[in-house]
Amino acid sequence: MRPLLLLALILAVLPLRAAEWTAHRAPGVVIFTQGENPALAETLLAMAARDLPRIGGALGLAHPGPFPVFAYTNRSDFYRDAGKNPYLEGVSYQPSGLIRIDAAEPAWSLGPTFAHELTHSILNQRLGENIDRLPTWVNEGLAGHFSEPLSPDQYRMIAQLIHRNGVLSLAELRYAFENPALTDAAYVQSRAMMAWLELNYPGALRRLIDNLAHDMPFDEALYQATGLTTQAWWQGWQQQVPGYLYWLILLNSPVAYAPIALLFILFAALRLRRRAQERAEAEAEAAAPTVALAEGAEEEEDEEEDIEEEYE
């Protein structure tokens, strides 16, 4: 009896929850807002009109979508449906390409988040069953890379980014998105590696996706697109990261505060000691000619006295 009551309750609640959503249709997307929210719908439709052709064209999909997009203005509802993760702002589901997005975020954050999730949905549609050939860190790196338009100068800047955790090895990168302690670093590094690859091998990302779509394993698809192994890709990117960034990261690390402070104190003490020694040496050198002159004058006086004695 209880299962029947539960089923009846669910069926009663579903229409109420369905009534909360209002659909706004456009080529490539169907935006669902919680209630009548034309301003939000217009904002998201404008973002989709800009980003769908941009990202779809870059990934070799001329007509992406249509993707259902649920825009939540109630954050509790978003966490209930998308997952209880306070850092989660959006999610894309495969193979449907359905997107849930936290629309309570400010506009400057909403745009990149929406483009990030659209990239995931486009990759799902472009690769189909071959999406499983794409490593998670590459999938997330591509979504981060296409999350907002970049100029050539920005490509170079993004390609040199590293997280305060430093550089993750390939082994760490493969599992970093399952480790909350490394997730932020993995997002930064994977995006930087995509920018580096496209900067140094223009068109590489499109060729990589094309190869995967033609049933190639990832390593072969990457090599055919760039002539690089995954290890060579990682090494090439790492070597381009400026050395000073490692020092900035070290100084920004809470673990390093105490040792760094001690090093600065030691450095300052040695510097003061060296300056004192240099000052003493300079004073000694300045005094040396005076002493020499005094000794010379005494010798001259002795010679004069000897001459006088001889004449006497």
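**Figure 1. The largest nonpolar core has 61 residues, among which Phe114, Leu134, Trp137, Leu142 and Trp233 touch the most other members.** A nonpolar core is a set of buried Ala, Val, Leu, Ile, Met, Phe, Trp, Tyr and Cys residues joined through side-chain atoms within 4.5 Å. Buried means under 20% relative accessible area, exposed means over 50%, and partly exposed lies in between (1.4 Å probe, protein chains only). Helix H8 (residues 183-200) gives the largest share of this core, eight residues. A second, separate core of ten residues includes Val30, Phe70, Phe78 and Ala82. In soluble globular proteins, nonpolar side chains tend to be buried together. The model is a predicted one, in which local features need pLDDT of at least 70, side-chain atom pairs count only at pLDDT 80 or more, and totals for chains, interfaces and linings use all residues. Residues are numbered from 1 along each chain as its sequence is written, and side-chain values use heavy atoms, with hydrogens and water left out.

**Figure 2. The protein holds 13 helices and five strands.** Helices (H or I, at least four residues) and strands (E, at least two) are DSSP runs, numbered from the N terminus. Of the 312 residues, 40% are buried. Contact means heavy atoms within 4.5 Å. Among contacts with a separation of 6 or more, 64% are between residues 24 or more positions apart.

**Figure 3. Around Leu142 are Thr119, Leu123, Leu134, Met194, Leu205 and Ile209, which Leu142 touches.** This list does not count residues up to four places away in sequence. Leu142 is also one of the residues of helix H5 that meet helix H8, as the next view shows.

**Figure 4. Helices H5 (residues 136-145) and H8 cross at roughly 75°, and their axes come within 8 Å.** Axes are lines fitted to C-alpha atoms, for helices over the stretch in contact, and angles run from 0 to 180 degrees between N-to-C directions. H5 is therefore roughly perpendicular to H8. Angles of 65 to 115 degrees count as roughly perpendicular, under 35 as roughly parallel, over 145 as roughly antiparallel and the rest as oblique. On the H5 side, Trp137, Val138, Glu140, Gly141, Leu142, Gly144 and His145 take part in the contact. On the H8 side, the partners are Tyr187, Ser190, Arg191, Met193, Met194, Ala195 and Glu198. By class, seven residues of this contact are nonpolar, four are polar and three are charged. Ala, Val, Leu, Ile, Met, Phe, Trp, Tyr, Cys and Pro count as nonpolar, Asp, Glu, Lys and Arg as charged, and the others, Gly among them, as polar.

**Figure 5. Asp102 and Arg75 form a salt bridge, with their closest N and O atoms 2.9 Å apart.** A salt bridge is a side-chain nitrogen of Lys or Arg within 4 Å of a carboxyl oxygen of Asp or Glu, and the structure holds eight of them. Asp102 lies in strand E5 (residues 99-102) and Arg75 in helix H3 (residues 75-82), so the pair ties together parts that are 27 residues apart in sequence. Asp102 counts as buried, at 1% relative accessibility, while Arg75 is partly exposed, at 34%.

Figure 6. Arg206 is partly exposed, with 35% relative accessibility. Elsewhere, salt bridges that share partners join Arg50, Asp51 and Arg54 into one network.

**Figure 7. Two cis peptide bonds run from Gly65 to Pro66 and from Gln94 to Pro95.** Omega is near 0° at the bond to Pro66 and near 5° at the bond to Pro95. Pro66 sits in the loop between helix H2 (38-58) and strand E3 (67-72). Pro95 sits in the loop between strand E4 (90-92) and E5. In the loop between H9 and helix H10 (218-226) lies Asp215, which has a positive phi of about 70° although it is not a glycine. Most residues other than glycine have a negative phi, and most peptide bonds are trans.

**Figure 8. Leu222 in helix H10 is buried, with a relative accessible area of 0%.** Leu222 touches Leu197, Leu208, Gly227, Leu228, Thr229, Thr230 and Trp233, not counting residues up to four places away in sequence. Leu222 and Trp233 are eleven residues apart in sequence, and their C-alpha atoms are 9.4 Å apart in space.
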